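Subject: Handover of a structure

Dear colleague,

Please find below the structure that I am handing over to you.

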Amino acid sequence: MSEIYIAIDHFDHQIDCFCDADHVNILHFQKGDLIEVTPERKYTMLGWYALVVINGQQAFYMAIEDIERYFMSECISSQLDIDLKINYLQYKIDQDLEAGDKDSFAENSRKLSETCSLKEELEYYIAKVI
């Protein structure tokens with residue numbers, strides 16, 4: 001079964017090429033891009049790679065090390081992590097209301113709105129794929 005992530009931020013990824021030619025392909029991820037990591041794996045002299053599908057269209061092999069790095073640096077997020085972030089932001093908004101902190105309330109409300117929007121995109125994609 002595939003693992004599905006969503007881009008939380010803009011970032012660039014250099015696609016590793018396995019041919020002898022000397023060229024560089026850069027993929028620009030936008031906030032909201034959907035990243036499906038399939039179970040298909042490939043081992044090369046550079047390490048382990050997973051077949052990745054972007055927005056259900058573009059497929060290529062990405063180093064598992066890169067996927068882990070993007071996840072740990074919070075460039076991409078899973079559905080569970082988004083749900084946890086929504087729960088945390090709702091808690092922070094409740095605290096802001098109790099404290100009467102208008103600035104923090106506005107900022108956390110904005111973040112909650114963005115995160116809920118990302119969650120909707122991810123859930124829609126998952127429902128389509130499954």
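In what follows, a residue is called buried when its relative accessible area is under 20%, exposed when it is over 50%, and partly exposed in between (1.4 Å probe, protein chains only). The model is a predicted one, in which local features need pLDDT of at least 70, side-chain atom pairs count only at pLDDT 80 or more, and totals for chains, interfaces and linings use all residues. Residues are numbered from 1 along each chain as its sequence is written, and side-chain values use heavy atoms, with hydrogens and water left out.

Two loop residues deserve a mention. E74 is exposed because its relative accessible area is 60%. E74 lies in the loop between α1 (64-72) and β7 (76-77); helices (H or I, at least four residues) and strands (E, at least two) are DSSP runs, numbered from the N terminus. Although E74 is not a glycine, its phi is positive, at about 60°. N55, in the loop between β5 (47-54) and β6 (58-63), is also a residue other than glycine with a positive phi, near 50°. N55 counts as partly exposed because its relative accessibility is 30%. As background, most residues other than glycine have a negative phi.

The strands form an open sheet of five, in the order β6-β5-β4-β1-β7, with antiparallel pairing; two strands pair if DSSP finds at least two bridges between them. Because β6 and β7 stand at the edges with a single partner strand each, one side of each has no neighbour in the sheet. Within the sheet, β4 (residues 34-44) pairs with β5 in the antiparallel sense over seven bridges. K42 has Y49 in β5 as its bridge partner.

Helices also pack on this sheet. Helix α1 touches β1 (3-7), β4, β5, β6 and β7, where contact means heavy atoms within 4.5 Å. The direction of α1 makes about 90° with that of β6; axes are lines fitted to C-alpha atoms, for helices over the stretch in contact, and angles run from 0 to 180 degrees between N-to-C directions. Helix α3 (residues 102-129) packs on the sheet as well, touching β1 and β4, and its direction makes about 150° with that of β1.

Finally, the axes of α2 (residues 79-99) and α3 come within 9 Å and cross at roughly 155°. The two helices are therefore roughly antiparallel to each other (under 35 degrees counts as roughly parallel, over 145 as roughly antiparallel, 65 to 115 as roughly perpendicular and the rest as oblique).
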